2 protein chains.
Amino acid sequence: MALIVQKYGGTSVANPERIQAVATKVKSARDQHHDIVVVVSAMAGETNRLIELAKTMQPCPRPRELDVIMATGEQVTIALLALALEHINCPACSYTGFQVPITTDSAYGKARIKDIAVAKMRADLAAGKVVIVAGFQGIDALGNITTLGRGGSDTTGVALAAALKADECQIYTDVDGVYTTDPRIEPRARRLDRITFEEMLEMASLGSKVLQIRSVEFAGKYNVPLRVLSSFTPGPGTLITLEDQQVEEVRIAGIAFSRDEAKLTVLGVPDRPGVAYGILGPIAAANIEVDMIVQNIAPDGSTTDLTFTVHRNDYQRAFEILQANANKLGSREISGDNRIAKLSLVGVGMRSHAGIAAKMFASLAKEGINIRMISTSEIKISVVVDEKYLELGVRTLHDAFELDRQDVNN
Amino acid sequence: MALIVQKYGGTSVANPERIQAVATKVKSARDQHHDIVVVVSAMAGETNRLIELAKTMQPCPRPRELDVIMATGEQVTIALLALALEHINCPACSYTGFQVPITTDSAYGKARIKDIAVAKMRADLAAGKVVIVAGFQGIDALGNITTLGRGGSDTTGVALAAALKADECQIYTDVDGVYTTDPRIEPRARRLDRITFEEMLEMASLGSKVLQIRSVEFAGKYNVPLRVLSSFTPGPGTLITLEDQQVEEVRIAGIAFSRDEAKLTVLGVPDRPGVAYGILGPIAAANIEVDMIVQNIAPDGSTTDLTFTVHRNDYQRAFEILQANANKLGSREISGDNRIAKLSLVGVGMRSHAGIAAKMFASLAKEGINIRMISTSEIKISVVVDEKYLELGVRTLHDAFELDRQDVNN
């Protein structure tokens, strides 16, 4: 008998029929004598409806009151699911964030969980009940209603699993697991049976938006085994877990990519301390997030070039900031390109294996894909290429590392 | 500077425009330097929508979970109103039932308020904020969400006024006050400037559904001046208050009536102790509410007739119960009539003035209206007549007691 936390997202509870289907799934897990805690989101569309309603009152609604409104979405779903479960003779009890309570800080709209009280849930589980908890919401120390921000129900699920020391946290979604890359680009993309927390973080932050990043960090920190699986099709999904120590061979988890990139280069600035701050300080002050940063020494030895990438939406603004600072920086020229894409090879295996980068660059070169920037970390290698090469690049790398073959990489 | 509790019902907050109109009303009261606590209901239609949603899960939804769902209706409205107020530069803060907290017993769907904590509200008022509280809801000692039942927002308003020792509790609704009778039946019906709590209770329970009865009882018990007024048309409304000691003259507040009546008579039962219980015990056991009860001695002196009224919907069931018990009761005959109506003259003045009943009966007789039953209390006289005489009876009495004239009765 295991203790399992199951989390169902908005599309899984989008209408009464789907809520009934979730109830059936929950009951069947309960019938296998597992203790079940269920976390649910608001019915799909409900959160947007509530935001629109709030906007009729204030174009930019004050966060405290917006959270009061938003929290009602999950409150409806928990009670509906409890009713659906009882209707099929499965005793259940619902809890809002304040009822658990799930204590958070006071950052309305993006609160962080500080504490979860488990006493009531434990008592209900001991009494044979399914416990249903509203995702996405909590309460601060002063009793104000808070929300964790979009996708926060994943975080609620993982945090509950950690607090309850659950055996597994299952995240039900509309995809049946984590893939080696996006199947819409590479039809031979393969569902991974396992992936490490670190790999998942790289895959998620690079565009494979299966899980909210924060929930994966949380799961990694508290070592909660996390499983992504589909609400609609049966299957084992993908288990996200600590690194498997036995795996010795090269292990590439997959290829992440992002289209929403733009790069900016400041050419010929004097090569002296503080130049990077001089360039990027005003960018950060304008709240523009910078992703990759690469600095080269220019041929003349006394000046340097600095290139960085931003979200494509911020390209124009970033360009203007650089130009406004050009004199102060003493730069020769500002150049930029907002038609680029980023490809990343992700895998814990590259830590201990040389030659991965070389193989990656060779494969791309063979297809005539020019690499514009390179950046590496412990478990990933990212390259920036012209946007038009995105699909070809993904397929080339998928093929080169034989990611479609179970035996090679997993 | 007064402390005023204002309560706005579902039609007053039915859509964003109306919520903005409420905000304007609240701000104008605030601008007169009053401290304002606002209680709001769910947007009209929302409670029914939520009930229907719950019923898709369970035909008869379990009350605990139904209350969790229902409570979201008011939760949305309080935050929308807070946003609307802030948008017109009137600082405001919203509170759900659990945030105040408003503590109730655990009778889901019909909970009773046990305690209201005023500290947070007092602090907000002192800080110059409008306090907005969700009507209709509370929390029990175990932290479960409860609702007070339909119309419970009135009760919340009065209870808050009592707890805060407010100067007045204003109930905004879609009528502009309490009338001497229903203007749809008697166009000369007049809005009362004042009415006593006791009169209001008789008027309300007899069919003038302006306020929830419980809220009037509550207001009377704690001596909270209650004012009924319209959200849509300006005017002073009707003040419901303790009996005015100065009023010496005959004072009839109005004429209440009810169409939903049926009467049943058990004829010729032996006149011995316990016979009323023998008749009405099985009726009560079947959860049928009995209103008027009249017992006469039959001409032969050894048997008696007992007549009582029930809601028309219960008529058939009550009739069958009496027939099933006929042998045991030793009754001669069971008769009944479900086409009757009840007319009631209500007024504290009749306490100290003889002749009111006589005048009432004479007026009805003059119009050929036969009285089938009579029942009296301290401040009302009720008669049962054939249903067809309802409108004529109301108009006859309104005219006889000159209720259209301000100077005579108010």
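Is A326(A) buried, exposed or partly exposed, and how many other C-beta atoms lie within 10 Å?

## A326(A) and the basis of the model

A326(A) is partly exposed, because 15 other C-beta atoms lie within 10 Å. On this scale a residue is buried if 20 or more other C-beta atoms lie within 10 Å of its own, exposed if 12 or fewer, and partly exposed in between, with C-beta atoms placed from the backbone. A326(A) sits in helix α9 of chain A, residues 315-329. Helices (H or I, at least four residues) and strands (E, at least two) are DSSP runs, numbered from the N terminus. Apart from neighbours within four places in sequence, A326(A) contacts S331(A) and I334(A); two residues are in contact if their C-beta atoms, placed from the backbone, lie within 7 Å. From A326(A) to D140(A) the distance is 46 Å, C-alpha to C-alpha, and 186 residues in sequence.

This is a predicted model, in which local features need pLDDT of at least 70, side-chain atom pairs count only at pLDDT 80 or more, and totals for chains, interfaces and linings use all residues. Residues are numbered from 1 along each chain as its sequence is written, while chains are lettered from A and ligands numbered from 1 in the order in which they are written.

## Domains and the two copies

Chain A is divided into domain 1 (3-174) and domain 2 (254-404), with bounds that come from an automatic or database domain assignment. The centres of the two domains of chain A, taken over C-alpha atoms, are 39 Å apart.

## The contact between chains

Chain B gives 27 residues to the contact and chain A gives 27 residues. On the chain B side, α1 (16-31), α2 (46-55) and α3 (63-87) each supply at least two residues. The largest share of that side, 14 residues, comes from α3(B).

## The mixed sheet of chain B

Eight strands of chain B form an open sheet of mixed pairing, in the order β3-β6-β2-β1-β9-β11-β12-β10; two strands pair if DSSP finds at least two bridges between them. β3 (92-95) and β10 (194-196) of chain B are the edge strands, each pairing on one side only. Neighbouring strands are turned by 20 degrees against each other on average, direction ignored. Helix α4 (119-126) of chain B packs on the sheet, touching β2, β3 and β6, at about 150 degrees to β6(B). Axes are lines fitted to C-alpha atoms, for helices over the stretch in contact, and angles run from 0 to 180 degrees between N-to-C directions. Helix α5 (152-164) of chain B lies across β1, β2, β6, β9 and β11 of chain B, at about 170 degrees to β1(B).

β1(B) and β2(B) run parallel and are joined by 6 bridges, with V5(B) opposite V37(B). In β2(B), 6 of 6 residues are buried. D35(B), V37(B) and V39(B) point one way, and I36(B), V38(B) and V40(B) the other way. In a regular strand the side chains alternate between the two faces of the sheet.

## The antiparallel sheet of chain B

A second open sheet has 6 strands in the order β14-β15-β13-β16-β18-β17 of chain B, with antiparallel pairing. β14 (290-297) and β17 (371-377) of chain B each have a single partner strand, so one side of each is left without a neighbour in the sheet. The twist averages 30 degrees from one strand to the next. β13(B) and β16(B) are joined by 11 bridges, and S258(B) stands opposite K342(B) in β16(B).

Helix α11 (390-400) of chain B has the buried residues G393(B), V394(B), T396(B), L397(B) and H398(B). Their cover includes β13, β16, α10 (356-366) and β18 of chain B.
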